[in-house]
Amino acid sequence: MRETIDDNAEAFLREMVASEHFSGVVLVASRERTVHKRAYGPSGKVQPNRTDRRLHVGSLTKQFTAAAIMQLVETGAVKLDDPINALLPETYRARIWSEISLGHLLTHTSGIPDYAVVRDYYDVTDGWAFSATIDGMIREAMGRALNFAPGARFEYSNIGFTLLGKIIEHRTGRRYADYIKQELLDPLGMADSEIHDEHCRSRPDDAPGLRWDDSACRHVADDVVSLPVTPADGGLVTTVDDFARWVGVYRRMALPGVSKPSLERMLQPVVPIDATRWPGRDLRGPACYAFGVMRSGDLIMHEGSIVGFRSYFIYSLDDDLLIAVFSNNTANDVFRIAAGLFGLYDRA
């Protein structure tokens with residue numbers, strides 16, 4: 001639970017606590033040296049947050065899903081230009097998806113509408129969707145028209161990564177959570193990380209998901225209805241220290257089961273992001289999407305959002321600078337916080 005405090009980061013984060021009621025854990029690391037690591041706000045009704053708390057990080061999971069796909073590419077189990085109808089279980093193959101490739105799912109260029117709109121089959125707890133709900137989401141998507149021709153443009157689609165999870169399971173014969181643990185988390189020593197699926201059991205000291213209640217003037221359990229999260233598009237539970245181990249993959253450009261050229265391919269910018277959805281992400285050049293991550297010049301980034309939690313990370317390949325902001329307050333603007341910290345240490 002050791003904390004490291006840098007005066008510049010601390011002053012900025014104290015402003016965020018005052019203005020946004022920031023709650024969570026922050027890590028700033030430069031060239032493998034911890035510059036600032038501290039927890040803020042509450043973890044439940046009584047206990048304060050701690051730096052070793054596990055938090056849900058939402059769509060930061062997508063880079064793990066992309067890395068798993070690249071492992072399958074390495075073994076020849078899949079190819080990036082394979083049509084998804086040849087890779088999905090037969091029950092999830094749709095004629096309307098005949099022109100969609102694996103690469104389209106990885107880059108949000110498939111045209112598949114994001115998630116479902118019908119809710120009568122939903123069985124969602126604290127934002128999590130499993131089994132019958134995921135099946136219903138996919139089947140509904142199979143019957144909906146594409147928003148555009150595959151490859152024509154970028155449009156963020158969480159369900160595209162839900163489908164990637166189904167492909168991983170179908171091609172490996174393993175549950176998605178088991179595959180990620182065995183092939184990515186365990187080899188990297190991420191012992192405090194796992195994928196939240198129907199078999200996951202929370203630890204007693206996991207950080208709870210909160211929101212700020214203005215009327216009560218305090219953090220309360222987040223009970224706001226939102227779109228559900230599936231394991232492969234947003235199921236990672238982790239700590240800032242474990243996530244720093246993952247970022248070491250980018251520092252070394254080395255990942256078990258993935259060659260350096262394949263890892264470089266995963267990080268190659270493919271398509272401009274929707275700047276109206278994510279304004280200001282062009283911190284070091286035009287912001288684009290690669291496979292499961294955003295790119296801006298040498299920066300690797302992504303945002304995560306789930307009931308009770310928000311997260312954002314920025315990693316500079318050139319400067320070996322990592323900013324990780326994991327919040328358990330849904331009211332927090334995590335990009336504002338991460339970008340503010342990045343501005344304090346940016347050498348460009």
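Start by selecting Leu 255. Leaving aside neighbours within four places in sequence, Leu 255 is in contact (heavy atoms within 4.5 Å) with Ala 67, Leu 184, Leu 188, Trp 246, Val 249 and Leu 263. This is a predicted model, in which local features need pLDDT of at least 70 and side-chain atom pairs count only at pLDDT 80 or more, while totals for chains, interfaces and linings use all residues. Residues are numbered from 1 along each chain as its sequence is written, and side-chain values use heavy atoms, with hydrogens and water left out.

Buried means under 20% relative accessible area, exposed over 50%, and partly exposed in between, with a 1.4 Å probe and protein chains only. Helices (H or I, at least four residues) and strands (E, at least two) are DSSP runs, numbered from the N terminus.

**Two helix pairs**

Axes are lines fitted to C-alpha atoms, for helices over the stretch in contact, and angles run from 0 to 180 degrees between N-to-C directions. The crossing is left-handed: the near helix is turned anticlockwise from the far one by less than a right angle, whereas clockwise would be right-handed. Among the contact residues are Ile 69 and Leu 72 of α2 and Phe 161 and Leu 164 of α5.

Next, show α1 (residues 7-20) and α10 (residues 334-345). They pack at about 160°, with axes 10 Å apart. Look for Phe 12 and Met 16 of α1, and Ile 337 and Leu 341 of α10, among the residues that make the contact.

**The eight-stranded sheet**

Select the open sheet ordered β2-β1-β15-β14-β13-β12-β11-β10, with antiparallel pairing. Two strands pair if DSSP finds at least two bridges between them. β2 (33-40) and β10 (271-272) each have a single partner strand, so one side of each is left without a neighbour in the sheet. α1 packs on this sheet, touching β1 (24-30) and β2, and its direction makes about 25° with that of β2. Three bridges join β11 (residues 287-289) to β12 (residues 294-296). Ala 287 stands opposite Ser 296.

**The three-stranded sheet and beyond**

Move to the open sheet β3-β9-β6, again antiparallel. Its edge strands are β3 (55-56) and β6 (194-195). Two bridges join β6 to β9 (residues 236-238). Glu 194 faces Val 237 there.

Follow the chain to Pro 204, in the loop between β6 and β7 (210-213). Is Pro 204 buried or exposed? At 88% relative accessibility, Pro 204 counts as exposed.

Finish on β7 and β8 (residues 218-221), joined by four bridges. Leu 210 has Ala 221 as its bridge partner. Four residues lie between the strands of this hairpin, where Cys 217 takes a positive phi near 55°.
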